[in-house]
Amino acid sequence: MKHLLASLCLLGPLLRALIQCTVQASEFKLEGNYLIGGLFDIHHAAAPVYHDRPEAIACSGKPFILSSYRRFQMMRFSVEEINNSTSLLPNVSLGYEIFDHCSETENFPGIFNLISINGLIQPWREPGKNLSNVSKMIAVVGPFSSTDTLTVAPLFMTNLFPLVSYGAASSVLSRKQNFPSFLRTVHPNKDVIEVIVNIILHFNWRWVAFLNSNNDFGSDGLELFTERIKDTEICLAYTKGLNDNTNYSQVFKQLEAQKIHTIIVFAPELTAEALIESAIQLNITNKVWIAGDTWSLNEKLPKEKGIQNIGTVLGVSQPVVKIPGFSDFIHSTKSQSHCGNTEQNMFCNQDCNCSSTSPEDVISTDPSFSFPVYSAVYAVANALHKVLQCGAGKCNGNTTVYPHMVLAELKKSNFMLLNQSIQFDENGDPKFGSYSVVFWNHNGDIEEVGFYKFYPSAHFFINNTKIQWYTNGEVPTSLCSPECPVGHAKKQDGIHKCCFTCEICPNGTYINSTEDPYKCINCKETEWSAEGSTSCNLRVVEYIPFTDTGAILIMVGAWVMVGLTLAVSVLFTFNYHTPVVRSAGGPMCFLILGCLSLCTPSVFFYFDKPSVSLCILRFLPFILFYTVCLACFAVRSFQIVCIFKIAAKFPKLHSWWMKYHGQWLVITGAFVSQALLLLIGCFYAPPKPYNEILWYPDKIILSCDISLKANTASVLLLVFLCFLCFIFSYMGKDLPKNYNEAKAITFCLLLLILTWIIFATIYMLYRGKYIQTLNSLAVLSSLYSFLLWYFLPKCYIIIFQPYKNTQQYFQGLIQNYTRTISQ
């Protein structure tokens, strides 16, 4: 008989069945001018039942859900309160038809009943054509779960029948192209996920697990959570879809193996109860559990024996809104004892089978989703108020009300209910409400410790001091790898960015953990940093100013050099025809002295901030005119050797040299060659300012960049002239004393070579700002080496030993040298 009745219930709405349950519908049905449908999962069918023929399910024999029964009573209370109101729907009675929707797929008799007209499901027809076929059903409140809603919603969407859910949170339901007449008074999953993520970020938990129910609700939550944490430091270490057949022991083994201490449980109440009870039985400890809004206010679990051992439970919940008059309504309803009379049931699944439930049980159970039911009913009533043009104590009874008219007004809802403004956005989602952050304390009570407000702007707050952590004071950690010390960058280890090793940032780099903790950022050229820095410091810019003591001394030495060359030139001019001046080179002496003077100004350009012109002037004049000096000394050395050693053996070479003034040809050739080489070098790579940043991490040394590659030929020409000069002067080391300029030239060259060897050695070891001072000193020393050791000895003879500056004295020396050679 039971199977026969169930089958008839399934087929009845379609065939206008004559067999229906008898008498009044008890708590499930109330007559009125307009009806609101209700779908509440008062019982829960855990697993699908397999039949060999079509058969509806009888919900009353399934496990009873007290919190859902509370929501069921909330709808009844809301309708009764509206009917007792003289302002909302005056002279209009509101009724309801409620069904126990305990199964996802086998509760269609109630659905067909809601959408049928006079027992028939008819195709859509033009409004007003047949007013006798207008249904009194104007909207449906429910169902609770996302899966249930996704299953039944298409049946209501076709004719734009308003479906206002108080619990379906799947984000899919926000798509108006698929669900045009769906609205909800509960926030979608993305809002719950937003609060959960904010809790995780607030406590700096990075290594988390997400356990979700293996249905549309849980899968949607997992997808939203994964998307939300993409740009955060949170890593999803483990996920698992939970169902009635889940092996919880295996799940907890995985959590322990991966050292996960923070677990998000995004599942319905019954699934969460099974999970937490298993954790207690399996002695799972030291975890932080984050409960979704479906079970965070569970009345049973906080008082379970051993619940404190599993760790700390935080949760996201809808704020508990106290609804005046509801407790009195429950006491009044339960005293009438409707539930126990099964013969009163009119239709399938309109039997609560709850005679043993006391008013206190109903009032004290989980209040979650009670206000969404209350606001859903009031939203429909306010929409009907607008359709019927109610006002002045009455409504327009001549208006034919169609569901799509109610839907249009529902979308425009804007009214106050218990100090909250009830509105919907363009997706049918609520534009009101907030979430509470709750904590299960050690007394088994649920305590509010924070909140997340969405409107008018987002605002998040948690009072940390109210939370009693299982760690006895300190906030627990949940990290794959401990945070790196200051100044260290993370190097990802594996697929998760939360698992890493730490590497200290080297000199010249820094780490900005707020921007990118995985990368050491290079400092700018004008900045520096020590190893393990978190920021860069400006480098100290260094150069030698004109006011530097060393610079002043060198510039004074340069002016003294110019003065001495001028004095020597004057002295040689007055003694031009004397043997000492003639043996020193005669007119060539003035060319050498002039070139030494022209080289001297280059010393001044080694100081102050370098510029292109300063870099050119410190390099080109010295190289060019010093080339002429070396060419003169090379020629002079050759002439001395030629006179005393080569002339007798190679008379033709000597005559050719004298006839064509070979010395001036060589000097001119050296000058022109060097000038051309310098011009070519400057064309390809001109000297330019250069910032030395490699040698000293905290300094910038301003200097000049002179390309050795572009000026290789110029340097080689200098070296070649120096080599020739040294060869010829060395060949004349045994010449007569007063004609022994070769020895002086050799000594000058040795000083020159030693000076630049010392400078090159220092340059390889030191690149500080004083390298410019040393460079200018080397230049000045090169000039002084010829002035002091070649010209001053001759000045001494001219001034203090004039007897040696006579023709007879020189001839005597030559005769002695000739006798010595002939012997």
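Predicted model: local features only at pLDDT ≥ 70, side-chain atom pairs only at ≥ 80, totals over all residues.
Q: What percentage of the 823 residues in the protein is buried?
A: A residue is buried when its relative accessible area is under 20%. By that limit, the buried share of the 823 residues is 51%.

Q: Among contacts between residues at least 6 apart in sequence, what percentage joins residues at least 24 apart?
A: The contacts considered here join residues that are at least 6 apart in sequence. Of these contacts in the protein, the share joining residues at least 24 apart is 71%.

Q: Is Lys230 buried or exposed?
A: The limit for an exposed residue is over 50%. Because its relative accessibility is 52%, Lys230 counts as exposed.

Q: Which residue forms a salt bridge with Lys490, and is Lys490 buried or exposed?
A: The partner of Lys490 is Glu483, with the closest N and O atoms 3.4 Å apart. Glu483 counts as partly exposed, at 39% relative accessibility. Lys490 has a relative accessible area of 8%, so Lys490 is buried.

Q: How many residues apart in sequence are the parts that the pair Glu542 and Lys699 ties together?
A: The side chains of Glu542 and Lys699 meet in a salt bridge, at 3.9 Å from N to O. Glu542 lies in strand β23 (residues 540–542), and Lys699 lies in strand β25 (residues 699–705). The pair therefore ties together parts whose separation in sequence is 157 residues.

Q: Which of the two words, buried or partly exposed, applies to Glu542, and which to Lys699?
A: Under 20% relative accessible area a residue is buried, and between that limit and the one for exposed residues it is partly exposed. At 16% relative accessibility, Glu542 counts as buried. At 26%, Lys699 counts as partly exposed.

Q: Which residues are linked with Lys29 in a network of salt bridges?
A: Lys29 belongs to a network of salt bridges.

Q: Are α13 and α21 roughly parallel or roughly antiparallel to each other?
A: Helix α13 (residues 549–574) and helix α21 (residues 771–800) pack with their axes 10 Å apart and at an angle of about 25°. The crossing of the two helices, α13 and α21, is left-handed. Angles under 35 degrees count as roughly parallel. The helices α13 and α21 are therefore roughly parallel.

Q: How many nonpolar residues does the contact of α13 with α21 have?
A: The crossing of α13 and α21 is left-handed. Divided by class, their contact has four polar residues and one charged residue, and its nonpolar residues number 18.

Q: Is the crossing of α5 and α6 left-handed or right-handed?
A: The axes of helix α5 (residues 189–202) and helix α6 (residues 216–228) come within 9 Å and cross at roughly 50°. The two helices, α5 and α6, are therefore oblique to each other. The crossing in which α5 passes α6 is right-handed.

Q: In which strand does Asn212 lie, and is Asn212 buried or exposed?
A: Asn212 lies in strand β7 (residues 207–213). Not counting residues up to four places away in sequence, the residues that Asn212 touches include Gly218, Leu222 and Phe266. Because its relative accessible area is 3%, Asn212 is buried.

Q: How far apart in space are Tyr69 and Asp100, C-alpha to C-alpha?
A: Tyr69 has its place in helix α2 (residues 66–84), and Tyr69 is buried, with a relative accessible area of 0%. In sequence, Tyr69 and Asp100 are 31 residues apart. In space, their C-alpha to C-alpha distance is 9.5 Å.

Q: With which residues is Ser67 in contact, leaving aside its neighbours within four places in sequence?
A: Ser67 has its place in helix α2. Ser67 is buried, with a relative accessible area of 2%. Leaving aside neighbours within four places in sequence, Ser67 is in contact with Glu269, Thr365 and Asp366.

Methods. Residues numbered from 1 in each chain as written. Heavy atoms only, no water. Buried < 20%, exposed > 50% of the residue type's maximum accessible area, 1.4 Å probe, protein only. Salt bridge = Lys/Arg side-chain N within 4 Å of Asp/Glu carboxyl O. Helix = DSSP H or I, 4+ residues; strand = E, 2+ residues; numbered from the N terminus. Axes fitted to C-alpha atoms, helices over the stretch in contact; angles between N-to-C directions. Parallel < 35°, antiparallel > 145°, perpendicular 65-115°, else oblique. Left-handed = near helix turned anticlockwise from the far one by under 90°. Nonpolar A, V, L, I, M, F, W, Y, C, P; charged D, E, K, R; others polar. Contact = heavy atoms within 4.5 Å.
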